[in-house]
Each structure stands twice: as structure tokens, then as C-alpha cells.
Amino acid sequence: MSPSDASTWRIAEREIDAIVGARHGDPFAVLGPHLTPAGVVIRAFAPDAETLAARSPDGALLLALDRRHPAGFFEGLLARRKKLPDYRLHAANAGGAWEIDDPYRFAPVLGEMDDYLLVEGAHRRLWERLGAHLTIHQGSAGAHFAVWAPHARRVSVVGDFNAWDGRRAQMRKRIDSGLWEIFVPGVREGARYKYEIAGPDGELLPLKADPFGFAGEMRPSTASVVASLDRLGWTDAAYLQARAARVGRQAPISIYEVHLGSWRRRSDGGFLSYDELADRLIPYAAEMGFTHLELLPVSEHPLDDSWGYQPIGLFAPTSRFGDPAGFARLVDRAHAAGLGVILDWPAAHFPVDAHGLYRFDGTALYEHEDPRQGFHPDWNTAIFNFGRREVSNILLANALYWLEVFHIDGLRVDAVASMLYLDYSRKAGEWVPNIRGGRENLEAEAFLKELNVLTHGAHPGVLMVAEESTTWPGVSRPVDEGGLGFGFKWNMGWMNDTLDYVSREPVHRSHHHRELTFGLIYAFSENFVLPLSHDEVVHGKGSILSRMPGDDWQKFAGARAYYGFMWGYPGKKLLFMGQEFGQRAEWNFRQSLDWRLLDHAPHARLSRAVADLNRLYREAPALHRHDCEPEGFQWIVVDDAAQSIFAWLRRGGPDDAPVAVVCNFTPVPRQSYRIGLPHAGVWREAFNSDAGVYGGSNLGNLGRVTAHDQPSHGLPASAEIVIPPLATVFLQYDPGHEA
């Protein structure tokens, strides 16, 4: 056989047409270097080139390629070569010359184990393999791109580096998994890119952002951005070590819920950067005594109005405030200040924006095909198909990604009820029963259990919190005991009942006494967080302060009394930003909180009251150690509806001083009101929401009361106390103080 016999190495015209038309199912079988009986053939597609030559890395000419197609398809033979050469392509036209490092000369980066683990739903570190990764491959620097699109006929990566031309970087399909990959040399950090996908019928889909992209463009632009996670500098080893040893349910947890885009803004209305937020938010939250920040979703999202709950870039901290390294610095500085960081994690549904996950490869890939299962009528969003192993794998990997790469201290899983019930917000006939004929989403249940087992196992001490609004049993019970495995659950019933109560005129509260007592019937059925969240200060509900009846003095007194009630009640605490200083208007995500209010005494004094409640809650074990166990709570006065008085005892360990919490939800002060106490002796007035320093009338107990051995309310001792109007008082046993 003669090397000049072109039939042994020249590609057929139909193959060339398929490459030029971006219709070839296996471009790596055509392009790049290939061993043939005649030698090594090199084929390339260089649309702007008139001539193309292969040269060795030192510039020596190896081969001048023939132009086989006017669109820029070239082919040439290195006769009698038995080994694939290292080469660069040198292109030229009338406008000049340039060098191309051929992406088709590189071997795959992914391996069979990646295929196997993804298909099995067991690839826990997918972010290390999919997406765009800056790397050095076969001696060349560039970016490796990989994406899952099993039903696509063709996938190309397009971007700044190839004129957004889908013909230039057609990817290699890994048949066993549906993964597509390509290494593109020369790509640098900051390059913008998307995936051009031809669906199963060959139809060209809208350009798709990278589901695993580590960064994205600032909206309204929608491209992914090549970013490195290799330079995240951490100084929080001691914090993480202490976190791992902490028992969450016994620790004080007081959460400041924050929307980064509207907590505070620049004078021109623009967003603060992650570093600017770290400069201001972290010292503020620490000074206020909170233990954790909870951030509304930070994953990249196209619509500000969604508050982040409809993400596109699951692995990308939003570019509204900077780059991934900036977000990492924010977390690191929070840890340095002793603050944990919890992320709201929206894993129930996703938006149907054309550049997102919806019908990603031309099919219902991430969602169900049947809209009765795959479309959410309340939010006009798509619902993840938790029964598909690859989808659940991607979501599980995403949870681990935030915990591991960004040292996040917990995830609050959004809209869990919508995940657990197939008929959530649907009428009869609008949903599909499970295989047992029931309404429970068995696949979502299994997913949540696996999520909690994985996260708690990989990162001891993290907080996994469910926003779950139904009576699903055992949400915060361990999986091996039949529960879903969350560490905590939001207490939505407590929130609704107590807000209804404090919104009523005091004269009517006696008829609704049960709204504050009923919650103790189920208070220890789960590990609860008491949430006064963003959802309670939007959509016409008003702010916490504005819900309080009466004149301005009564409103502030009512808010202080309510916060005292909340901080004395069993359960971890969560307060949305602005409510700590009495934001008057309901939350508006488009603008900053009204920080000027702190220049006015009532607001500043309310803020001080919240800070002091946080301090007392952290320092008094009786107020937090048994937040989730009945032995930490005992009613003293539960039935004084006529006077709207409530009193209870909080206990810690045997050596911890108990605390009595007394609330008066009327504007009438109560003199010489006797309450039972477990010990005779001095009880220090540790907090009084009516104190003058908080803007109250300064009525109280002169700093302490003395209990005597006179039984009352089923307790061996008692004291007569003053209960100020619209106030909560904390009395802490002080055995070292003489009566």
C-alpha cells in the first residue's frame, strides 16, 4: 500500500460536511491527529484560515494541510509516522497569522469511574469533574469543560475564546453516562462561555449556562464565567474544629436572616461587594449578639424579584456582589468573628428560563416530563425529578460543595413541604399518586434522608434545617430512627399563632389566650427554630413593629415584649434583618433597610433590647441547653387569660441557674403578682423589656425579687413581683446573693 493512496486516510465529503455543519455525532473521530495505515493524518476546522500548517512546539514545519472545504476544513498526512506528534496549528489569511493549539489533539480528562459514579448516583464530588476547570493537560494550559446532556445530538462549548461559534469546540460524548467533555487550551480565568446544544431531533436549543459553572455574568447577561477555586484562602481551622465538637440542639443558636442585596446599599443605590458586606455586616451581627447569619440564596439567579429562590447557577455565588473568592472571604471573616453562616438552599424547584436547566438537552432532563409532576403552579417553576439518580446526585453534590468549598455551617432547605407531597397546592386530578397510591413523594423523601446522612456524616456540626409547614412526622428525627434526618425544623405554627396574637388589640387578647399556649403541646415533637423570617414582612403583611396595635409607645413596647416572649420560649431563634431595630415599612428587596431610624431613640433602644436578649440567651444555659427537650420547660402561669399573663420556668443542667419568664400582654401593670418558683432566695431581674434604657416606663422590681418558702403554682417557693405593662421580665435565680 502506497502512502500516496489517499483512500486510506482522506475523510469522506459527508464527514466534512457534518463537521462544518456542526452535525457530527463524534467530532473527535474526525478532527485532530489519527494513526492510519499511511501515517498520521491531521484534520482541523479553522473557519477564518486560508492556509493552515502543523508545526512542532519549537516552530519546525511538520505539515502543510490541504483546505478541503471553503468553510475552513483542513486535512494533511504525515506519511509513515507511527506515533502521534506534538504540534501546534499555524493559521494565516490576508489579515495576518495566528497560532492555534488544537483542542482535538488532547485525550479525555474524565474516566470510566466518572461515568459509573454519575449513572449510579454516587459521584459525591461532581463539582471537581463537571463545569469549567482551569488546568494543565498534556503540557498545555487551558480549561476542561464537561456537562451532562445525555439526549443531546451535539454539544459545543462557545465563548469569548472561539467567537461563540458552535462549530469550533464540538465536544466528545461519553456514551456510558451522557457526559460531554473537551479541553480547550488557552482559555483563561474570566472567559465567558455557554453550551450550544442540539437536541435529540437536531434542533438547536437556546444557549445554556453551565449548571456547574463556578461564576456567572451580572444580570441581565446570562453567560457562565470561567473561575478558579484554587486560591480561596482560609484561616478558620480552629472555628471548624470547634464546630465539629458542638452539639447543636444544646447550643445557643440565634440567627440573623439577611438578604445581601438589601441589607445595606451604597449611596448611589448599588450593591455592596462581598468585602464591603464583610466590613459592615459581620461586626454589626456580632455586636448584636447573634450566633449565625442566614443568607437568602446566594446561588446565581436571573431575577432579583425571586430573592434568589429561583437559581440558575447552583454552584456559582452570585456576581451581584463579586467573585467566588470574595464570597469565601465573607464566610472566613464571619468565622473569625465567631459567626456561623447558613445558606438558604432552594432544591425543590428551578426557573424555566431558556438559558437554565429547563429542558436542558431538549428533553425533561432535570424535571419530570408530566407537568403534574414536573411543574409547580404556585411559582411557575419546574420541579426536580428526585427519582432520577443523576439529578439527585447533582443536588447532593451541590449541598456538599457549599459545605466543603465555602465552609458553610448549614443549609436551610427551602419549601420542603412542596417536595414531600405530590398534591402540594394541587386539586384532585392535577397530581400523580406514588406507586403505593399515596400522596407522599417517596423519591423526595429518600433524597432528603440521603442529603442529611451525607451532610452530617461528612461535616459534623453543620446545621441542616427544614422549612416544613406540615405535620410530616420526624422531620428532625435521625434517619436511623425513621425520621428525615434534619437537625432542626422551622416552627411555622408557632410563628402564625403568636403573630396573630400580638397583632390583636390587647383588650381582645384574653379571648385568644390559647394562641400562645397551644404551641407547648407540640414544642418538643421536633427540634424547632422559631422563625420571624422574610416571609412575615412582605406581601402586605407589614413589619413586625407595624403589626403591633396602639400608639407608637405601645407598638415599641409590644415589639419588645414579643421578642422577650420569643427569646424566653423553647426553640432556637431566627429574626429577619431590620426587625431588630423596628423597621417600619415592610421589606423591599430593591432598597436598603432604613438605617436612619437608628438615629431615633425608640429604634435604637429596641435594638439594644434585642442585643441584650441575645447576650442573656447565650450566657444563661437555662435559656438554650434544653431548647428541644421538655425537661427544660415548666409552666408557672398558663391560665390567666383574663389578665393576659403568661409565666414559665426554663431549666438547664443541675448546676445551671433557672430562669423564670413572665409576660404581660396588656397595657395594665400588675402589682404584687405572685408566681411560684423552685427556690427561695434572690432572683435577679436579668431582663425587663420595660426598662428605661429600652424606652419603657421603667417599672419593675428594682433589679431583684426575693422568693420565700411559700408554695404556689405547684412549686415550693414563690414571690410577689411587679409585671410592667406590655412587657416581658426574666428572673434568674442567684443563689450566691443574700436575700
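Select the lining of the second largest cavity: by class, that lining has eight nonpolar, two polar and no charged residues. Here Ala, Val, Leu, Ile, Met, Phe, Trp, Tyr, Cys and Pro count as nonpolar, Asp, Glu, Lys and Arg as charged, and the others, Gly among them, as polar. The volume of the second largest cavity is about 50 Å³.

A word on what you are looking at: this is a predicted model, in which local features need pLDDT of at least 70, side-chain atom pairs count only at pLDDT 80 or more, and totals for chains, interfaces and linings use all residues. Residues are numbered from 1 along each chain as its sequence is written, and side-chain values use heavy atoms, with hydrogens and water left out.

As for terms, a cavity is a set of points, on a 1 Å grid over the protein atoms alone, where a 1.4 Å probe fits but cannot get out, and lining residues have an atom within 4 Å of a point. Grid points are joined across faces, edges and corners, and a volume is the space filled by probe spheres set on the points. Helices (H or I, at least four residues) and strands (E, at least two) are DSSP runs numbered from the N terminus.

**Next: the largest cavity**

How many cavities of 30 Å³ or more does the structure hold? There are four, and the largest has a volume of about 70 Å³.

**Next: strand β15**

Move to residues 254-258, strand β15, where five of five residues are buried (buried means under 20% relative accessible area, exposed over 50%, partly exposed in between, with a 1.4 Å probe and protein chains only). Show the side chains: Ser254, Tyr256 and Val258 point one way, Ile255 and Glu257 the other way.

β15 runs parallel to β27, with four bridges joining them, and isoleucine 255 stands opposite leucine 574 in β27. Four bridges also join β15 to strand β16 (residues 292-295), again parallel. There, tyrosine 256 has leucine 293 of β16 as its bridge partner.

Select 349-350 and 375-376, which are β20 and β21, along with β22 (residues 381-383). Together they make an open sheet in the order β20-β22-β21, with antiparallel pairing. β20 and β21 are the edge strands, each pairing on one side only. Two bridges join β21 to β22, and phenylalanine 375 stands opposite alanine 382 in β22.

**Next: the aromatics**

Colour Phe, Tyr and Trp: the structure holds 51 aromatic pairs (rings, the six-membered one for Trp, pair if their centres lie within 6.5 Å; planes under 30 degrees apart count as stacked, over 60 as edge-to-face and the rest as tilted). Zoom in on tyrosine 284 and tryptophan 595, an edge-to-face pair at 5.2 Å centre to centre and 85° between the planes. Tyrosine 284 is in helix α5 (residues 274-287) and tryptophan 595 in the loop between β27 (572-576) and α16 (601-619), 311 residues apart. Tyrosine 284 is buried at 14% relative accessible area, and tryptophan 595 is buried at 12%.

Then try tryptophan 307 and tryptophan 587, a tilted pair at 4.8 Å centre to centre and 55° between the planes. Tryptophan 307 lies in the loop between β17 (299-300) and β18 (313-317), and tryptophan 587 in the loop between β27 and α16, so the pair ties together parts that are 280 residues apart in sequence. Both tryptophan 307 and tryptophan 587 are buried.

For one aromatic cluster, select Trp494, Tyr501, Tyr562, Tyr563, Phe565, Trp567, Tyr569, Phe633, Trp635, Phe646, Trp648 and Phe665.

**Last stop: charge over ring**

Pick arginine 172 and phenylalanine 28: the charged end of arginine 172 sits over that ring, 3.7 Å from its centre (the rule is NZ of Lys or CZ of Arg within 6 Å of the ring centre and within 35 degrees of the ring normal). Likewise, the charged end of arginine 264 sits over the ring of tryptophan 263, 5.3 Å from its centre.

Key:
1 Å grid on protein atoms, 1.4 Å probe; cavity = no way out; pocket = protein on both sides within 12 Å on 5 of 7 lines; lining within 4 Å. Pairing = 2+ DSSP bridges.
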